[in-house]
Amino acid sequence: MPVIKDSERYNCQVLCLNRKIIMIRPKMWLANDGNYRELRWFTAWKQKEHLEDFHLPSEISYALSQTTVPFGYGYVQFLDTAVAAEVCEELFTPLPPHAELALNGVEVFMNASGSHHQLRKLDLRLRAFISATHTRGGVYMYSNHQGCDGGRLYYDGCSCVVVNGDMVAQGSQFSPKDVEMVFAQIDLDAVASLRSSVSSFQEQASCKAKVSKVFVPYKLCQSFNLQMSLSSPLKIKYHSPEEEIALGPACWLWDYLRRSGASGFLLPLSGGADSSSVAAIVGSMCQLVVKEIANGDEQVKADAIRIGHYTDDQFPTDSKEFAKRIFYTVFMGSENSSEATTTRAKVLADEIGSWHLNVSIDGVVSSLISLFQTLTGKRPRYKVDGGSNIENLGLQNIQARVRMVLAFMLASLLPWVHNKPGFYLVLGSSNVDEGLRGYLTKYDCSSADINPIGSISKMDLRTFLKWAAIHLGYSSLAEIEAAPPTAELEPIRSNYSQLDEVDMGMTYDELSVYGRLRKIFRCGPVSMFKNLCYKWGTKLTPAEVADKVKYFFKYYSINRHKMTVLTPSYHAESYSPEDNRFDLRQFLYNVRWPYQFRKIDELVNELDGDRVAITKSTEGEKVNVTADGGMGVVAAGSGDPRAGF
């Protein structure tokens, strides 16, 4: 709850018992990096020494017959145990409050959290509160949001209870439920027993810094009772990355659909890996909704009946039938489209159950080219037909942008055709690697209302397609995954077919490496070059590594401006280039990178000189070479003269 005290606004937990407020605990450490900007709204509480009196607003004071309440950092001392709040980000700080509170006798920690989903992230979160109670004992009650926050994040639940480092209760990570409760019955004597058995804990507790407390004459615990069974340690449930892709974005899409007033989704389905991944995620959403209705969730059922326009006490019982009501796919083919992708799109749409259209855009594209010829007297040609790179790119962009215009026209008018109210949400299907490289046309069919895969890597999507072909029952995804990625924007010739990785000048594997070094390890061109010399030194020379790094940064900086209009995407990857909230970097760079590229060239020359010196010395038994520029000390004996580089 936001609470204004004096002139400051604090982010607080309000602790209540039996219609009385026990204390207000302001957050001391705010999340202000990555996806979070808490300092934009709140001030951190810095007065740790004592609790202050806070005068309640008159309406609350009247309702509770209570005028003041303790405010600040402290804990609640009951008759039989001590309880404290640790708020969200505080758990992950270098000196978390639970360490000091445990030495003051606090046995139960309550963390109200807003932690978002990210692929492969759950383990980091669970390890934090397992570690919090493993060495110092205690009960950790972790409560997390579950659902879409109205933006790019999905909060992935997994509320749980941990006792002395053992998980005894764990909630679901992905669910369309509005509320989920997690219960555990525990023995607090186990906490006291562990703490009394650790000598160092006793010694540190004897000289602890005192933390303020609020005394409440109330018992939380029950007496020993054989009718009550204790919760046993559980094996922690983790989803595979493929399951996370199937479930997280699916729940995010469901929240968007039920809140937005839309009557369904519309997806430009090309038959390629990316748009097929989005289609499979929508199919997973439909399966989740039908399953939850079968389990008796009345809220999900009511939302599904409203969105699907069911009548006469009908409701979804089959995911394909539900998909037919809310999911619309359209293959927008041109003369450059192959029969294989046309067929794959149709087969996948049938497997999922979407309402599918097959449309040719050749007439519209031809009209635009004719208009251009009338205006300029020139008619552009593809590169394979003798045209320049500028002509070739312009002709590809026309097709891509026509598809965007057609997609939004269909999304706004098809509900009218189908006698439905509202509109359809247009789904995008560009992945994180293409966004990073800028391998997309600005305002093409990647421009949509929302994009469930916008921060998922191509490699993860391909693995997901293999998994979904089996576990979601869409067998055609296996064939789609096996096909080489292609935009199909250039004419197909017997001696030429367009391939994404050839167009980009780099592989998707390489893009994932560049993305992680750029964002997670905060590397610019020079430090990325150094890191990749270590990583790729056994297969590439420093000059070859330098060429790859320069090529990446050239096109990254040329296309960075596209991030400013990128479709809002589900956040799933820590190297996302999305600039609205997560990656707050400039979008205008000097694409020549004069200082950085010159520094790389100097390092290459130094390394090449050292390599020559080592080669000339291989006749001896051993030579020690020190490579400047932070490359370390290399000992080279008989064998490959490039050893160590």
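**Sheets, helices and cavities**

A: Happy to. This is a predicted model. Let's begin with helix H3, which lies across E9, E12 and E13 and runs at about 155° to E9.

Q: Okay, what does the chain do between E8 and E9?

A: First, the strands themselves: E8 (residues 108–113) and E9 (residues 139–144) pair in the parallel sense, over six bridges. Going from E8 to E9, the chain passes through helix H3 (residues 122–134), and this β-α-β crossover is right-handed.

Q: Which residue in E9 stands opposite Met110?

A: That is Met141.

Q: And how does E9 run against E12, parallel or antiparallel?

A: Antiparallel: four bridges join E9 to strand E12 (residues 160–163).

Q: Nice. What's the strand order in that sheet?

A: The order is E13-E12-E9-E8-E7-E6-E14, an open sheet of seven strands with mixed pairing.

Q: Why is one side of E13 and of E14 left without a neighbour in the sheet?

A: Strand E13 (166–170) and strand E14 (213–215) stand at the edges and each has a single partner strand, so one side of each has no neighbour in the sheet.

Q: How many bridges hold E6 and E14 together?

A: Three bridges, with strand E6 (residues 75–77) and E14 pairing in the parallel sense. Within that pair, Val76 stands opposite Val214 in E14.

Q: Switching topic: what is the strand order in the open sheet of four strands?

A: There the order is E17-E16-E15-E18, and the pairing is parallel. At the edges are strand E17 (355–360) and strand E18 (424–426), each of which pairs on one side only. Neighbouring strands of this sheet are turned by 25° against each other on average, again with direction ignored.

Q: Can we zoom in on E16 and E17? How many bridges join them?

A: Six bridges join strand E16 (residues 327–333) to E17, and the two run parallel. If you want a spot to look at, Val330 stands opposite Leu357 in E17.

Q: Which helices go with this sheet, and at what angles?

A: Helix H10 (residues 339–352) lies across E16 and E17, running at about 175° to E16. Helix H12 (residues 389–417) also packs on the sheet, where it touches strand E15 (264–268), E16, E17 and E18. The direction of H12 makes about 165° with that of E18.

Q: Now the inside. How many cavities of 30 Å³ or more are there?

A: The count comes to four cavities of 30 Å³ or more. The largest cavity has a volume of about 60 Å³.

Q: Which residues line the largest cavity?

A: The lining is made up of Leu440, Thr441, Lys442, Tyr443, Ser446, Ser447, Lys562, Val565, Leu566 and Thr567.

Q: And what's the lining like by class?

A: By class, the largest cavity is lined by four nonpolar, four polar and two charged residues.

Technical notes:
Residues numbered from 1 in each chain as written. Predicted model: local features only at pLDDT ≥ 70, side-chain atom pairs only at ≥ 80, totals over all residues. Heavy atoms only, no water. 1 Å grid on protein atoms, 1.4 Å probe; cavity = no way out; pocket = protein on both sides within 12 Å on 5 of 7 lines; lining within 4 Å. Points joined across faces, edges and corners; volume = space filled by probe spheres on them. Nonpolar A, V, L, I, M, F, W, Y, C, P; charged D, E, K, R; others polar. Pairing = 2+ DSSP bridges. Right-handed = clockwise from strand over helix to strand, strands pointing away. Contact = heavy atoms within 4.5 Å. Axes fitted to C-alpha atoms, helices over the stretch in contact; angles between N-to-C directions.
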